[in-house]
Amino acid sequence: MRLPNVHPPLHAVPARDDAATDGDSLSAIANGDRAAFEQLYRRYYERLFRFCLRVTGRIHLVEDIINETMLVVWRRAAQYRAGAAASTWIFGIAYRKSLKALKRDGRARVPTDATSALEPTAPDTLDREDVQAAIRRAVADLPPEHRAVVELTFHSNCSYDEIAQILDCPVGTVKSRMFNARAKLRPLLADLLGD
Amino acid sequence: MNAFDDRQAIRELLPWYENGTLPEREREAVRALLATDLEANRQRRELRALREAIVDDTTLATDMAVNLRALQTRLDAPVGAKPNRLRWFACAAALLLALGGSTFFAGLRVGTYHTLSTPAATPLVPADFELIRVDVARNVDATLLLSLAGDPQARVLLGPSEHGVATLVVPRDHAAVVMARLNRDPRLRFVAPVPR
């Protein structure tokens with residue numbers, strides 16, 4: 001979903017160097033440190049926003065999902081174990097909150113300019129930008145579990161192990177979801193490549 | 001696993017080869033496949049096109065500060081407090097209590113009631129007493145019936161009704177004597193024990 005520019009651009013890709021900082025922040029949060037919580041909130045806000053928006057496809061849900069996610073982080077920071085990446089833990093919470101929000105909101109897709117079904121336009125008449133827009137709409141029409149795999153792979157640069165931890169599923173499921181997502185997008189991608 | 005399956009399994013790693021997160025051993029396998037396999041190269045081009053199409057650097061129309069302030073008001077709420085659920089639970093409990101209470105007290109208001117095996121019109125009688133049904137003539141009332149029974153412990157339980165039916169209660173030990181006495185009187189048309 002493309003939205004008007006109101007803030008300076010932020011990086012969509014997680015900064016892996018922040019892993020130690022995140023772990024320290026969670027330790028401080030577990031001791032009730034509000035300043036550490038605010039810093040973590042600011043560090044994760046945009047990444048969570050993009051992730052939740054892509055998983056749900058519904059912008060009106062996203063801010064609530066982020067706050068529900070971060071409320072869990074605040075309350076359960078003591079349960080975080082340093083063995084796993086903090087980002088994996090937080091994104092896992094956000095993913096589950098996103099699915100719950102979708103369930104509450106009704107799982108059927110709400111057509112918007114960003115998520116409406118593909119127009120039955122003949123591929124010959126589409127230029128490159130049209131095809132790219134069609135691909136974005138096709139991704140938005142994937143099931144949320146598949147969208148999450150695509151989002152975490154291409155936007156958050158997560159490994160398949162990390163994705164499996166976030167989505168709480170086996171690695172094989174991650175690979176099969178990616179396979180299925182690519183299969184659905186293949187005709188459009190072939191158009192884009194001129195195959 | 002044959003060579004085709006091997007190649008297919010390696011092609012499935014391409015998304016993570018492209019985002020640079022594959023372990024070294026798998027990265028080498030993908031690199032070797034790309035050197036020889038046209039299909040893997042085609043899929044790699046597809047993935048790059050996909051990434052280019054969906055990676056979106058557009059900034060977001062959202063006010064983080066406002067959302068953070070909204071969340072901060074909730075941080076001190078007691079953990080696990082779910083007022084809505086508790087309210088629903090309390091309402092359900094109150095409703096159940098009211099229904100149960102009204103059913104219970106309705107029973108008390110009505111008074112004694114009986115199961116289907118005990119006729120509602122028949123008061124409970126101790127086990128060591130016998131019920132005797134008597135059909136009487138029109139001019140026999142309860143007082144006369146008791147005098148005809150001739151037993152100080154006998155009681156008229158029901159009747160005589162407009163159809164001349166009455167029920168006596170007598171101690172079981174005296175029942176045979178009382179029935180014999182009643183059977184001798186011509187004003188009583190029928191005397192018999194009531195099965196219990």
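Predicted model: local features only at pLDDT ≥ 70, side-chain atom pairs only at ≥ 80, totals over all residues.

Tutor: Two packed helices are described by the angle between their axes and the distance between the axes. In this case, helix 7 (residues 160-167) of chain A packs against helix 8 (residues 171-193) of chain A at an angle of about 100°, and their axes are 8 Å apart. Since angles of 65 to 115 degrees count as roughly perpendicular, helix 7 of chain A is therefore roughly perpendicular to helix 8 of chain A.

Student: Which residues in helix 7 of chain A and helix 8 of chain A meet?

Tutor: From helix 7 of chain A come Y160(A), D161(A), I163(A), A164(A) and L167(A), and they meet V171(A), V174(A) and K175(A) in helix 8 of chain A. By type, the residues of this contact divide into 6 nonpolar, no polar and 2 charged.

Student: At what angle do the axes of helix 6 of chain A and helix 8 of chain A cross?

Tutor: The axes of helix 6 (residues 144-154) of chain A and helix 8 of chain A cross at roughly 95° and come within 9 Å. These two helices of chain A are therefore roughly perpendicular to each other. On the side of helix 6 of chain A, the contact is made by E145(A), H146(A), V149(A), V150(A) and T153(A); on the side of helix 8 of chain A, by V174(A), R177(A), M178(A), N180(A) and A181(A). The residues of this contact divide into 5 nonpolar, 3 polar and 2 charged.

Student: How many helices and strands does chain A have?

Tutor: Chain A has 8 helices and 0 strands, and its pattern along the sequence is α-α-α-α-α-α-α-α. Of its 195 residues, 39% count as buried. Among contacts in chain A between residues at least 6 apart in sequence, 70% join residues at least 24 apart.

Student: Which residues touch the most other members of the largest nonpolar core?

Tutor: They are C52(A), A94(A) and I135(A), in a core of 65 residues. Helix 2 (residues 34-56) of chain A gives the most to this core, namely 11 residues. Another core, of 15 residues, lies apart from the largest one and includes V136(B), A149(B), L182(B) and V191(B).

Student: Let us turn to strands. In which sense do strand 1 of chain B and strand 3 of chain B run?

Tutor: To read a pair of strands, one notes its sense, its bridges and the residues that stand opposite each other. Strand 1 (residues 129-136) of chain B and strand 3 (residues 165-171) of chain B run antiparallel and are joined by 7 bridges. Here D135(B) stands opposite V165(B).

Student: How many bridges pair strand 2 of chain B with strand 3 of chain B?

Tutor: Strand 2 (residues 155-158) of chain B pairs with strand 3 of chain B over 3 bridges, in the antiparallel sense. V156(B) stands opposite L168(B), and L158(B) has T167(B) as its bridge partner. The hairpin of these two strands has 6 residues between the strands, and in this hairpin G159(B) takes a positive phi near 85°.

Notes:
Residues numbered from 1 in each chain as written. Chains lettered and ligands numbered in written order. Axes fitted to C-alpha atoms, helices over the stretch in contact; angles between N-to-C directions. Helix = DSSP H or I, 4+ residues; strand = E, 2+ residues; numbered from the N terminus. Parallel < 35°, antiparallel > 145°, perpendicular 65-115°, else oblique. Contact = placed C-beta atoms within 7 Å. Nonpolar A, V, L, I, M, F, W, Y, C, P; charged D, E, K, R; others polar. Buried ≥ 20, exposed ≤ 12 C-beta atoms within 10 Å, placed from the backbone. Pairing = 2+ DSSP bridges. Core = buried A, V, L, I, M, F, W, Y, C linked by C-beta atoms within 7 Å.
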